[in-house]
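Here's a quick briefing to read with the model open next to you. Take the topics in any order you like.

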Amino acid sequence: MTQPSVILATASYDHTIRFWEAKSGRCYRTIQYPESHVNRLEITPDKSYLAAAGNPHIRLFDVNSNTPQPLASFESHTNNVMAVGFQCDGKWMYSGSEDGTVKIWDLRAPGCQREYESRAAVNTVVLHPNQTELISGDQNGNIRVWDLTANSCSCELVPEVDTAVRSLTVMWDGSLVVAANNHGTCYVWRLLQGTQTMTNFEPLHKLQAHNGYILKCLLSPELCEPNRYLATASSDGTVKIWNVGGFTLEKTLTGHQRWVWDCVFSVDGAFLITASSDYTARLWSMETGENLRVYQGHHKATICCALHDGAEPSC
């Protein structure tokens, strides 16, 4: 198989992962995933592998072959894996689970190399662009920074007591972090570098973005500059696009019939892909807010999507 320049994948409660031609909307590959549903998908920086976070394992699939079996399986979580991602040169993977732990996995070695205890179900984990800190959000409303150099929790904050943090996102230059919760609220902090590498949070803004849950929040990528956007996907069936300058509402993307679980920007920030309980994924123009393509084929809720349409990053 020749490697497509754009890799778009979705996963659904129908126990399949589907690969799509982004422009035509054609599904060209389906992987059966019978053991559990998939909570999160992530593509490695070099576009070689797709990680599927399930319950309670993570499976790694080859993007460039038709092999239905996973190349590797990562086992040691004991509950739903809700977050998965890769360090910028793809040497290691991180994960967060409802078992209350954040783990780090060396892709070239067996087993889990590090484990951090969050003491509550972890819903979201992001890697700081400095590649040395992980930020996690959990069901009890805690946000924690895990310093990978010191191998410890360097910072802890609770924006709203007992309100689950559903999603975290960090600006590409490390200047902002946004946390979205079950009350439809986004908390925004400036990230200040202290004398050490330790990150300090300075409250910047509180945004009441939706009346329902926010299931995913995402800041726009570097190539979107000078525009900076925040996308919020919600149980109200919409995705809202906010201008990060003053957190004003730029546009509302309407078209999904049910909850919108996930979203991902194209590398230049010109497009957004969304995944919804209405069985579909959709492609949107950020300029017009227009729905350009519907990806139809799943038979149940589509709950996560992954897109890699950029060059391989240089760490």
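A residue counts as buried here when its relative accessible area is under 20%. At 1% relative accessibility, Ser12 therefore falls on the buried side. Keep in mind that this is a predicted model. As for the overall make-up, the protein has 0 helices and 28 strands.

**Overall build**

- The radius of gyration is 18 Å, close to the 20 Å that the globule rule gives for 315 residues, so the protein is as compact as a globular protein of that length.
- Of the 315 residues, 57% are buried.
- Looking at contacts with a separation of 6 or more, 43% are between residues 24 or more positions apart.

**The largest nonpolar core**

- This core has 16 residues, and those with the most contacts inside it are Ile17, Phe19, Val38, Leu41, Leu50 and Ala52.
- At least two core residues each come from strand 1 (7-12), strand 2 (16-20), strand 4 (40-43), strand 5 (49-53) and strand 28 (302-308).
- Strand 1 gives the largest share, with 3 residues.
- Leaving out residues up to four places away in sequence, Leu41 touches a list of residues that includes Ala9, Ala11, Ile17, Leu50, Ala52, Cys304 and Ala306.

**Ser12 and its neighbours**

- Ser12 sits in strand 1.
- Which residues does Ser12 touch, not counting residues up to four places away in sequence? They are His298, Lys300, Ala301, Thr302 and Ile303.

**Aromatic rings**

- Searching the whole structure turns up 9 aromatic pairs.
- One of them is Phe74 with Trp105, an edge-to-face pair at 5.6 Å centre to centre and 70° between the planes.
- Phe74 belongs to strand 7 (residues 72-74) and Trp105 to strand 10 (residues 101-106), so this pair ties together parts that are 31 residues apart in sequence.
- Phe74 and Trp105 are both buried.
- For Trp259 and Trp261, the ring centres are 5.4 Å apart and the planes are at 40°, so that pair is tilted.
- Trp259 has a relative accessible area of 32%, so it is partly exposed, whereas Trp261 is buried, with a value of 18%.
- Tyr187, Trp189 and Phe201 are joined by ring pairs into a cluster.
- There is also a charge over a ring: the charged end of Arg166 sits over Tyr213, 5.9 Å from the ring centre.

- Residues 74-108 come out as 0% helix and 54% strand, with the end C-alpha atoms 12 Å apart.
- Residues 253-294 are 0% helix and 52% strand, and here the end C-alpha atoms lie 13 Å apart.

**Ala109, in a loop**

- Ala109 is in the loop between strand 10 and strand 11 (114-117).
- Is Ala109 buried or partly exposed? Its relative accessible area is 28%, so Ala109 counts as partly exposed.
- From Ala109 to Leu292 is 42 Å in space, C-alpha to C-alpha, and the two are 183 residues apart in sequence.

Technical notes
Residues are numbered from 1 along each chain as its sequence is written. This is a predicted model: local features need pLDDT of at least 70, side-chain atom pairs count only at pLDDT 80 or more; totals for chains, interfaces and linings use all residues. Side-chain values use heavy atoms; hydrogens and water are left out. Rings of Phe, Tyr and Trp (its six-membered ring) pair if their centres lie within 6.5 Å; planes under 30 degrees apart count as stacked, over 60 as edge-to-face and the rest as tilted. Helices (H or I, at least four residues) and strands (E, at least two) are DSSP runs, numbered from the N terminus. Buried means under 20% relative accessible area, exposed over 50%, partly exposed in between (1.4 Å probe, protein chains only). A charge sits over a ring if NZ of Lys or CZ of Arg is within 6 Å of the ring centre and within 35 degrees of the ring normal. A nonpolar core is a set of buried Ala, Val, Leu, Ile, Met, Phe, Trp, Tyr and Cys residues joined through side-chain atoms within 4.5 Å. Contact means heavy atoms within 4.5 Å. The radius of gyration is taken over C-alpha atoms; the globule rule is 2.2 Å times the number of residues to the power 0.38.
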